[in-house]
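Work through the exercises below in order. Try each task on the displayed structure before reading its solution.

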Amino acid sequence: MTGNAVGAAPNPDSLDPADWTALRRQGHQMLDDMFDYLATLRARPVWQPAPDSVRRRFSQDLPRRPSDLGEIHQRFMTEILPYGIGNVHPGFMGWVQGGGTAVGMLAETLAAGLNANVGGRSQIPIEVERQITRWMRDLFGFPASASGVFVTGTSTANLIGVLVASRARLGLQVRSRGLAAQAQRLVAYAAVSAHGCVAQAMDIAGLGTDALRLIPLDADLRMQPQALRAAIAADRQAGYTPFLIVGSAGTVDVGAVDPLPELADIAQHEGVWLHVDGAFGAMAMLSPELAPKVAGIERADSIAFDFHKWVQVPYDAGFVLVRDGQQHLDTFAADAAYLKRETRGMAGDSPWPCDFGPDLSRGFRALKTWFTLQVYGADALGRAIANSCRVARHLAARVQAEPVLELLAPVSLNIVCFRYLPAGIDGQQADSLNAAIVVALHEAGVCAPSTTTVNGRLAIRAAIVNHRTGTADVDHLVQGVLQIGNRMALEACL
Ligand SMILES: *Cc1c(COP(=O)(O)O)cnc(C)c1O
């Protein structure tokens, strides 16, 4: 085996540098700047609004001429880096966002250098992805025949779940004939608390959002199995074909876990697919202390989750695991002359990741995940996950100890929903006051919760996902809410 002939003349139009020394120096500088950034996060605001002058810098014309790398990097440092959303910052508690790690950053750099296209063909980068599939299979107690694939995020992973489930029900001829040729009217079920991407998946899959029945919640904001049974019975009575139950392991608004064992029993009894949206919550499996909270997930037919949330892998790194790998393959695999498989050579090692989802060309998301799991070890990641739940419980206790704060939902994992409620204000006033408090917190740059609605009330919502967030950070949140709330209430003479 040999490489290319030595001494071949370089292509003059190549984008490689003539002199690697300067590039190397600049590259090291860029890495150092990012290490400094990560090492000094606490000294920065979580978020700051970008000035118009900076925004305007991004409406320049397409550059026709080259610029110096160092100069463009300086623009990054002054015009991009300071104006992100701040999810790496320990004070960030909004939505559900991971904090990333320096190890993940380095692995992403290696992946970019390798520039592997992990759509298919015979290469070890695909073996890395398969290893992660095997690890996840073992973590969730799935059989050896289960399949998995990296996607952008849980939104796409949920879409894949809906597609595999619907094709499993309708048979593979639907792939050529289309849904319009179907006599069966498929319906799916999820709790009203399910993430919006589940309805969107029904839409994109051509089944329609009306075919997603939204099941009410119990007092702990979990899907009511009794109501699910009744909805399925009513649909069967009306001539619909129930095909899918989507349970949530960690709802996006309050972190509730649907009663997965009951959902699995119902799915089994009714002969329908059980898909679990475990975007962040599925990774509770990494913590022995938390895993019992998501018990029943091992009975799902498919699970969607993100490594980029609770496992702190840099964006993006979503994943879908399917119990029946053949069904998964049958949903997506397609023949194309230019993608012909061989038993030897570079076009070997089929099936390929492109056979398990809609993407052909795909980046090497598995590498940053593999590095993260290897370098930190699953136990440390599990401890960081358990710690964020402890921080959430600490916050809930602080909220409950303050007479003007009200806890709005039970804290089952890492999300705390509460509001500032001084005596004598009505519901409408409370909603706008709490929304204004959150805006003021963002603008102050100390900590950044988001908002949601719980039982019709606007809640300040703190989701502790970032491994850097500790109890002191949520103490700042309580302090900030009280200070800003008291000031606003005084100004408004509430
Ligand atoms: C974040 C989240 C999603 C969407 O995942 P993306 O990775 O943003 O696509 C879906 N469901 C739940 C419960 C989530 O928290």
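**Exercise 1.** How many bridges join strand β8 to β9, and do the two run parallel or antiparallel?

*Solution.* The model is predicted: local features need pLDDT of at least 70, side-chain atom pairs count only at pLDDT 80 or more, and totals for chains, interfaces and linings use all residues. Residues are numbered from 1 along each chain as its sequence is written, and side-chain values use heavy atoms, with hydrogens and water left out.

Step 1. Locate strand β8 at residues 405-407 and strand β9 at residues 415-420. Strands (E, at least two residues) are DSSP runs, as are helices (H or I, at least four), and both are numbered from the N terminus.

Step 2. Count the bridges: β8 and β9 are joined by three, and they run antiparallel. Two strands pair if DSSP finds at least two bridges between them.

**Exercise 2.** Why is β9 described as largely enclosed by the rest of the structure?

*Solution.* Step 1. Six of the six residues of β9 are buried, so the strand is largely enclosed by the rest of the structure. Buried means under 20% relative accessible area, exposed over 50%, and partly exposed in between (1.4 Å probe, protein chains only).

Step 1. In a regular strand the side chains alternate between the two faces of the sheet.

Step 2. Sort the residues by direction: Ile-415, Cys-417 and Arg-419 point one way from β9, while Val-416, Phe-418 and Tyr-420 point the other way, and all are buried.

**Exercise 3.** In what order do the seven strands of the open sheet with mixed pairing stand?

*Solution.* Step 1. Their order is β1-β7-β6-β5-β4-β2-β3. At the edges are β1 (147-151) and β3 (212-215), each pairing on one side only. From one strand to the next, the twist averages 20 degrees.

Step 1. Find a parallel pair: strand β2 (residues 186-191) and strand β4 (residues 241-248) are joined by five bridges and run parallel. Tyr-189 has Ile-245 of β4 as its bridge partner.

Step 2. Check the cover of β1. Five of its five residues are buried, so β1 is largely enclosed by the rest of the structure. Ser-147, Val-149 and Val-151 lie on one side, Gly-148 and Phe-150 on the other.

**Exercise 4.** How many residues surround the ligand, and which are the closest?

*Solution.* Step 1. The shell has 14 residues, the closest being Ser-155, Asp-277, Asp-306, His-308 and Lys-309. A residue is near a molecule or strand if one of its heavy atoms lies within 4 Å of it.

Step 1. Read the distances to ligand oxygen atoms. A polar side-chain atom of Ser-155 lies 2.6 Å from one, and a polar side-chain atom of His-308 lies 3.0 Å from one. The protein buries 86% of the 380 Å² that the ligand exposes when taken alone; accessible areas come from the Shrake-Rupley method with a 1.4 Å probe, and for residues only the protein chains shown count as cover.

Step 2. Locate His-308: it lies in the loop between β6 (302-306) and β7 (318-322). His-308 is buried, with a relative accessible area of 6%. Its side chain makes a polar contact with the side chain of Asp-306 (3.2 Å). A polar contact is a pair of N or O atoms within 3.5 Å; within protein, one must be able to donate a hydrogen and the other to accept it, and residues adjacent in sequence count only if both atoms are side-chain atoms.

Key:
Axes are lines fitted to C-alpha atoms, for helices over the stretch in contact, and angles run from 0 to 180 degrees between N-to-C directions.
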